[in-house]
Amino acid sequence: MTTHRADRPLAGIGMRLAGTVFLTAMFAMGKLAQERGVNLVELLFFRQSIMIVPVVIIAAIGPGLASLKTTRPGAHVRRATSGLFGMALNFATVAMLPLAEAQTVWFTTPLFATILGALWLREHIGTHRWGAVVIGFIGVLIVVHPTPGGLHPLGTAIGLGAAFMVAVTSILIRQIGRTEAPLTVVFWFGVTSSLALSLALPWALHHHDTRTWALLIAMGLAGSLGQICLTSSLRLAPVSVIAPVDYASLFWTTALGAWLFADWPTPWMWLGAPVIIGSGLYIVWREHNLRRIALAAASLAE
């Protein structure tokens with residue numbers, strides 16, 4: 001049943017594309033909120049707690065609230081821990097870097113996923129993929145161009161840390177997704193992380209004007225819808241099919257960065273971004289090709 005459920009590429013691509021739109025809007029609103037005095041704890045709390053509302057509504061209308069029950073609380077805690085840490089690094093990145101440059105740095109996620117595959121999952125990584133990883137990080141150096149006038153070095157480092165945590169979280173979601181529905185995964189991510197953040201909220205919560213509160217609510221809703229879309233896409237189609245869709249987010253971040261913040265990408269970004277994207281796409285293609293060859297060999301062996 002798992003194989004059949006995952007073999008819906010068009011639905012997976014559509015979900016992934018919608019997810020990139022929602023999450024780009026979320027980060028843009030998060031950047032605006034930080035400029036209006038919202039701190040990181042507030043940002044994360046409203047991002048995580050508001051996501052629970054649409055999930056419960058969708059579950060009530062669809063499969064029922066009973067579908068949100070889980071028998072794997074430990075797995076959800078691990079996923080929430082890595083996801084919350086990654087989200088904090090993401091918002092810290094957009095506070096320091098323009099949206100398009102932040103997104104370009106986040107495109108190193110497939111590179112970190114390859115490294116984690118070798119070190120954590122004990123996967124065999126050949127010279128082709130290791131070469132793509134090296135070339136991808138050369139692309140990062142091009143984007144950063146560590147010279148006077150280059151990107152904020154701390155912001156870049158935090159962005160790379162965020163990409164690493166997204167790679168970790170993707171592996172955990174993929175593992176949980178074998179037994180848990182997307183709504184269940186997103187629900188417990190929101191509940192677990194909101195409870196943890198609420199411990200710090202009494203010291204972090206500040207007064208804001210109506211427009212800022214509206215911005216926080218809209219950000220939370222966009223983030224929840226994006227999270228549902230991304231989690232659903234991992235169950236609807238293989239990573240090799242949906243991963244390239246993530247690069248569409250560069251168009252959204254470029255447009256929103258120019259419109260909302262008057263941030264235009266530098267020539268260095270346009271030089272380095274294709275290198276990073278090309279490396280990521282090559283890794284995805286290589287993994288897909290090797291998997292296809294392995295399946296063909298296994299079929300012949302039978």
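**View 1. Helices H2 and H14 are roughly parallel to each other.** Angles under 35 degrees count as roughly parallel, over 145 as roughly antiparallel, 65 to 115 as roughly perpendicular and the rest as oblique. This is a predicted model, in which local features need pLDDT of at least 70 and side-chain atom pairs pLDDT 80 or more, while totals for chains, interfaces and linings use all residues. Residues are numbered from 1 along each chain as its sequence is written, and side-chain values use heavy atoms, leaving out hydrogens and water. H2 covers residues 9–35 and H14 covers residues 249–261. Helices (H or I, at least four residues) and strands (E, at least two) are DSSP runs, numbered from the N terminus. The two helices pack at an angle of about 30°, and their axes are 9 Å apart. Axes are lines fitted to C-alpha atoms, for helices over the stretch in contact; angles run from 0 to 180 degrees between N-to-C directions.

**View 2. The contact of H2 with H14 has residues from both helices.** Contact means heavy atoms within 4.5 Å. H2 brings Leu17, Thr20, Val21, Thr24, Ala25, Ala28, Lys31, Leu32 and Glu35. H14 brings Ser249, Trp252, Thr253, Leu256, Leu260 and Phe261. The residues of this contact divide into nine nonpolar, four polar and two charged. Here Ala, Val, Leu, Ile, Met, Phe, Trp, Tyr, Cys and Pro count as nonpolar, Asp, Glu, Lys and Arg as charged, and the others, Gly among them, as polar.

**View 3. Helix H3 is oblique to helix H12.** H3 is residues 40–50, and H12 is residues 210–236. Their axes come within 8 Å and cross at roughly 55°. In H3, the contact residues are Leu43, Phe46, Arg47 and Ile50. They meet Trp213, Leu216, Ile217, Met219, Gly220, Leu221, Gly223, Ser224 and Gln227 in H12. The residues of this contact divide into eight nonpolar, four polar and one charged.

**View 4. Phe45 and Phe46 form an edge-to-face aromatic pair.** Rings of Phe, Tyr and Trp (its six-membered ring) pair if their centres lie within 6.5 Å; planes under 30 degrees apart count as stacked, over 60 as edge-to-face and the rest as tilted. By this rule the count comes to nine aromatic pairs. Phe45 and Phe46 are 5.5 Å apart centre to centre, with 85° between the planes. Both Phe45 and Phe46 are buried. Buried means under 20% relative accessible area, exposed over 50%, partly exposed in between (1.4 Å probe, protein chains only). Elsewhere, Phe27, Phe91 and Trp106 form one aromatic cluster.

**View 5. Helix H4 has buried residues that pack against H3, H10 and H12.** H4 spans residues 52–61. Its buried residues are Ile52, Pro54, Val55 and Ala59. Helix H10 is residues 182–198. Thr184 lies in H10. Thr184 is buried, at a relative accessible area of 1%. Leaving aside residues up to four places away in sequence, Thr184 touches Ser67, Leu68, Lys69, Thr70 and His76.

**View 6. Ala262 sits in the loop between H14 and H15.** Most residues other than glycine have a negative phi. Ala262 has a positive phi of about 55°, although it is not a glycine. Ala262 counts as exposed, at 56% relative accessibility.

**View 7. Leu290 is found in helix H15, residues 267–301.** Leu290 is partly exposed, with a relative accessible area of 33%. From C-alpha to C-alpha, Leu290 and Phe112 are 19 Å apart in space. In sequence, Leu290 and Phe112 are 178 residues apart.
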